[in-house]
Amino acid sequence: MMKDYEARVKKAFLDSGIALTESELNRIDFADFGLDNIETEALNLIVYVNNDRYCAKEMVLLPKQTCPEHRHPPKGDIPGKQETFRCRKGSVYLYVEGPEPEGGIASEIPPGKDAYYTVRHEIILYPGDQYTIDPNIKHWFQAGAEGAVISEFSSPSDDESDVFTDPNIVRG
């Protein structure tokens, strides 16, 4: 099962039209957040660079796959990670703090997880659209029915300090 999953993720990266090296494709991070629910809650990423000044990544979400709600808190003198998501392919439903749409959100919260997806202000990104998330803002995102490829440009990334709403998540 995992080999099939990895092959689908790699194919999504290759089908994106983004030039990637074999070395980059061989170091895809298949993050399941310790939930053993990779088809539903996960994030697949390639990190180009992550240093003390900036970070750049490519991310793939398979159809309807969700990156769980989290925030990037202050750490020392740093106010937290600021990140810009740019949709490259497919669609992504991004949720941040703010008012929920009148008719409710378009995404499907994973079964039994309502308590862990608390922010409902919906931003829909299509290819070429981008959105910047300020530091320490709760957010989560889900791919549309066709999946999504997203570029992330941010201040330094420190997975160990991310705070997830779901206490069962392990990342680092």
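Visitor: How many helices and strands does the chain have?

Guide: The chain has 2 helices and 9 strands. Keep in mind that this is a predicted model.

Visitor: What order do the elements run in, from the N terminus on?

Guide: The order is α-α-β-β-β-β-β-β-β-β-β. The radius of gyration is 15 Å, close to the 16 Å that the globule rule gives for 172 residues, so the chain is as compact as a globular protein of that length.

Visitor: And what box do the C-alpha atoms fill?

Guide: Roughly 40 × 40 × 30 Å, taken along the principal axes.

Visitor: How much of the chain is buried?

Guide: Buried residues account for 46% of the 172 residues.

Visitor: What about contacts between residues at least 6 apart in sequence? How many of them join residues at least 24 apart?

Guide: The share is 75%.

Visitor: Switching to the surface. What is the accessible area, and what part belongs to carbon and sulfur?

Guide: It comes to about 8,500 Å². Carbon and sulfur atoms hold 50% of that.

Visitor: How many positive and negative side chains are there?

Guide: There are 18 positive and 30 negative side chains. The centres of the two sets lie 4 Å apart.

Visitor: On to the rings. How many aromatic pairs are in there?

Guide: The structure holds 5. One of them joins tyrosine 5 and phenylalanine 30. Their ring centres are 6.2 Å apart and the planes sit at 65 degrees, so the pair is edge-to-face.

Visitor: Which elements do tyrosine 5 and phenylalanine 30 come from?

Guide: Tyrosine 5 is in helix H1, residues 2-15, and phenylalanine 30 is in strand E1, residues 29-31. The pair therefore ties together parts that are 25 residues apart in sequence.

Visitor: Is tyrosine 5 buried or exposed?

Guide: Tyrosine 5 is buried, at a relative accessible area of 0%. Phenylalanine 30 is partly exposed, at 22%. The cut-off for buried is under 20%, so phenylalanine 30 does not count as buried.

Visitor: What about phenylalanine 85 and phenylalanine 141? How are those rings arranged?

Guide: Edge-to-face: 4.8 Å centre to centre, with 70 degrees between the planes. This pair links distant parts of the chain. Phenylalanine 85 belongs to strand E5, residues 83-96, and phenylalanine 141 to strand E8, residues 139-154. They are 56 residues apart.

Visitor: Which rings form a cluster?

Guide: Tyr95, Tyr117 and Trp140 do, linked by ring pairs.

Visitor: Let's move to the loops. Where is serine 107?

Guide: Serine 107 is in the loop between E5 and strand E6, which covers 121-125. It counts as buried, at 9% relative accessibility.

Visitor: What does serine 107 touch, beyond its neighbours within four places in sequence?

Guide: Its contacts are Tyr93, Tyr95, Glu122, Trp140 and Gln142. Tyr95 and Trp140 are also in the ring cluster.

Visitor: What is the phi of phenylalanine 33?

Guide: It is near 60 degrees, a positive value in a residue other than glycine. Phenylalanine 33 lies in the loop between E1 and strand E2, 43-50. It counts as buried, at 3% relative accessibility.

Visitor: What about the phi of lysine 64?

Guide: Positive, about 65 degrees, though lysine 64 is not a glycine. Lysine 64 is in the loop between strand E3, 55-61, and strand E4, 66-71. Its relative accessible area is 33%, which is partly exposed.

Visitor: Last one. Where does aspartate 129 sit?

Guide: In the loop between E6 and strand E7, 130-133. Aspartate 129 is partly exposed, at 31% relative accessibility.

Visitor: Which residues does aspartate 129 contact, leaving aside neighbours within four places in sequence?

Guide: Phe85, Arg86, Cys87 and Ile124. Phe85 is also a member of the edge-to-face pair with phenylalanine 141.

Visitor: How far is aspartate 129 from isoleucine 169?

Guide: 29 Å in space, C-alpha to C-alpha, and 40 residues in sequence.

Terms used: Residues are numbered from 1 along each chain as its sequence is written. This is a predicted model: local features need pLDDT of at least 70, side-chain atom pairs count only at pLDDT 80 or more; totals for chains, interfaces and linings use all residues. Side-chain values use heavy atoms; hydrogens and water are left out. Helices (H or I, at least four residues) and strands (E, at least two) are DSSP runs, numbered from the N terminus. The radius of gyration is taken over C-alpha atoms; the globule rule is 2.2 Å times the number of residues to the power 0.38. Buried means under 20% relative accessible area, exposed over 50%, partly exposed in between (1.4 Å probe, protein chains only). Contact means heavy atoms within 4.5 Å. Accessible areas come from the Shrake-Rupley method with a 1.4 Å probe; for residues, only the protein chains shown count as cover. Lys and Arg count as positive and Asp and Glu as negative; His and the chain ends are not counted. The place of a charge is taken as NZ of Lys, CZ of Arg, CG of Asp or CD of Glu. Rings of Phe, Tyr and Trp (its six-membered ring) pair if their centres lie within 6.5 Å; planes under 30 degrees apart count as stacked, over 60 as edge-to-face and the rest as tilted.
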